[in-house]
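Morning, everyone. I have one structure to walk through today.

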Amino acid sequence: MPVQLTTALRVVGTSLFALVVLGGILAAYVTGYQFIHTEKHYLSFGLYGAILGLHLLIQSLFAFLEHRRMRRAGRPLKLHCSQRQRSVALCIAAYQEDPEYLRKCLRSAQRIAFPNLKVVMVVDGNRQEDAYMLDIFHEVLGGTEQAGFFVWRSNFHEAGEGETEASLQEGMERVRAVVWASTFSCIMQKWGGKREVMYTAFKALGNSVDYIQVCDSDTVLDPACTMEMLRVLEEDPQVGGVGGDVQPPGKGLAVECDQVQGAQVRVTEAWSAHPCSIIR
């Protein structure tokens with residue numbers, strides 16, 4: 001069955017179901033029919049409550065079936081991606097982050113189930129009071145030959161104090177070299193705002209990876225997030241960027257990528273489109 005026809009049937013079916021439920025709820029509310037109730041109606045169970053309960057049950061069933069379908073659809077992709085050796089870099093933007101949030105973010109990045117994932121953290125600030133973020137990077141991801149860092153007096157658009165043209169170019173090359181050579185890298189640079197931070201990560205990576213994933217330094221990532229978002233990008237070449245379902249603290253992981261949302265966006269817009277996203 002063509003995809004367009006299947007989609008149209010789903011839309012029509014969902015709309016009819018919604019109308020039936022709405023009509024049933026209105027009818028039950030107007031009639032006020034009750035199946036059982038106490039003598040003085042302190043407690044009762046009627047048609048209105050039965051329809052609401054049935055609606056919730058059917059929604060839960062459809063959610064379960066969709067979840068199972070997405071899981072099954074994702075399994076073949078794991079072999080497909082590994083065979084084609086798709087490469088992904090996770091870029092983390094950090095600015096005066098709470099130390100505990102930053103630790104949780106980096107630990108979750110370390111647990112992402114994707115082969116050869118490159119992690120690039122760019123700190124927006126190179127002053128002494130920003131140094132604790134580099135210390136946390138060393139604590140969580142450092143200590144191995146795979147980790148590298150560089151404290152830069154400048155950024156790609158503004159020279160730092162005492163920087164010459166030659167030293168500025170040398171710094172740019174050093175940033176690229178650290179990012180390319182390291183699985184985990186941290187760049188501290190002159191303050192310039194989030195766009196400058198993401199520009200540094202994108203510029204340094206260049207064409208060294210197929211996809212770039214971005215998030216803030218207070219995001220806790222689901223281990224399957226990269227694979228799930230990449231699945232959406234690989235399935236549809238018209239999709240240029242994908243974002244996960246971001247949840248507030250206290251409701252599990254911040255990115256539950258079983259509920260991935262795809263959007264056709266330009267690459268230049270993607271870095272500001274979502275707190276956690278992946279782009280081509």
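Let's start with V30. V30 is exposed, because its relative accessible area is 69%. Exposed here means over 50% relative accessible area, buried means under 20%, and partly exposed is in between, with a 1.4 Å probe and protein chains only. V30 sits in helix 1. Helices are DSSP runs of H or I with at least four residues, strands are runs of E with at least two, and both are numbered from the N terminus.

A word on the source. This is a predicted model, in which local features need pLDDT of at least 70 and side-chain atom pairs count only at pLDDT 80 or more, while totals for chains, interfaces and linings use all residues. Residues are numbered from 1 along each chain as its sequence is written, and side-chain values use heavy atoms, with hydrogens and water left out.

Back to V30. Together with Y29, Y48 and L52, V30 makes a nonpolar surface patch of about 450 Å². Helix 1 (3-31) and helix 2 (47-84) are the elements that give two or more residues to the patch. Patch residues have over 30% relative accessible area and no salt bridge; nonpolar side chains (Val, Leu, Ile, Met, Phe, Trp, Tyr) are joined within 5 Å, like charges within 9 Å. The areas come from the Shrake-Rupley method with a 1.4 Å probe, and for residues only the protein chains shown count as cover.

What does the record say? An unreviewed UniProt entry lists residues 12-36 and 42-65 under "transmembrane region". Such annotations may be inferred rather than shown by experiment; the positions follow the numbering used here, and feature names are shortened. In the model, residues 12-36 are 80% helix and 12% strand, with end C-alpha atoms 35 Å apart. Residues 42-65 are 79% helix and 12% strand, and their end C-alpha atoms lie 38 Å apart.

Now the inside. The largest nonpolar core has 35 residues, and L90, I92, L106, M121 and F137 touch the most other members. Helix 7 gives the largest share of this core, six residues. A nonpolar core is a set of buried Ala, Val, Leu, Ile, Met, Phe, Trp, Tyr and Cys residues joined through side-chain atoms within 4.5 Å.

Next, the rings. How many aromatic pairs does the structure hold? Two. Rings of Phe, Tyr and Trp (its six-membered ring) pair if their centres lie within 6.5 Å; planes under 30 degrees apart are stacked, over 60 edge-to-face, the rest tilted. W152 and F156 have ring centres 5.1 Å apart and planes at 80°, so that pair is edge-to-face. F156 and Y199 are also edge-to-face, at 5.9 Å centre to centre and 70° between planes. F156 is in the loop between strand 5 (147-151) and helix 5 (165-181), and Y199 is in helix 6 (residues 194-205), so this pair ties together parts 43 residues apart in sequence. W152 is buried at 2%, and F156 is buried at 11%. Y199 is partly exposed at 27%.

Last, charges. There are twelve salt bridges, counting a side-chain nitrogen of Lys or Arg within 4 Å of a carboxyl oxygen of Asp or Glu. R107 bridges to E139, with the closest N and O atoms 3.8 Å apart. R107 is in helix 3 and E139 in helix 4, 32 residues apart. E100, R103, R107 and E139 are linked in a network of salt bridges. E163 and R153 form another bridge, at 3.0 Å.

That's the tour. Thanks.
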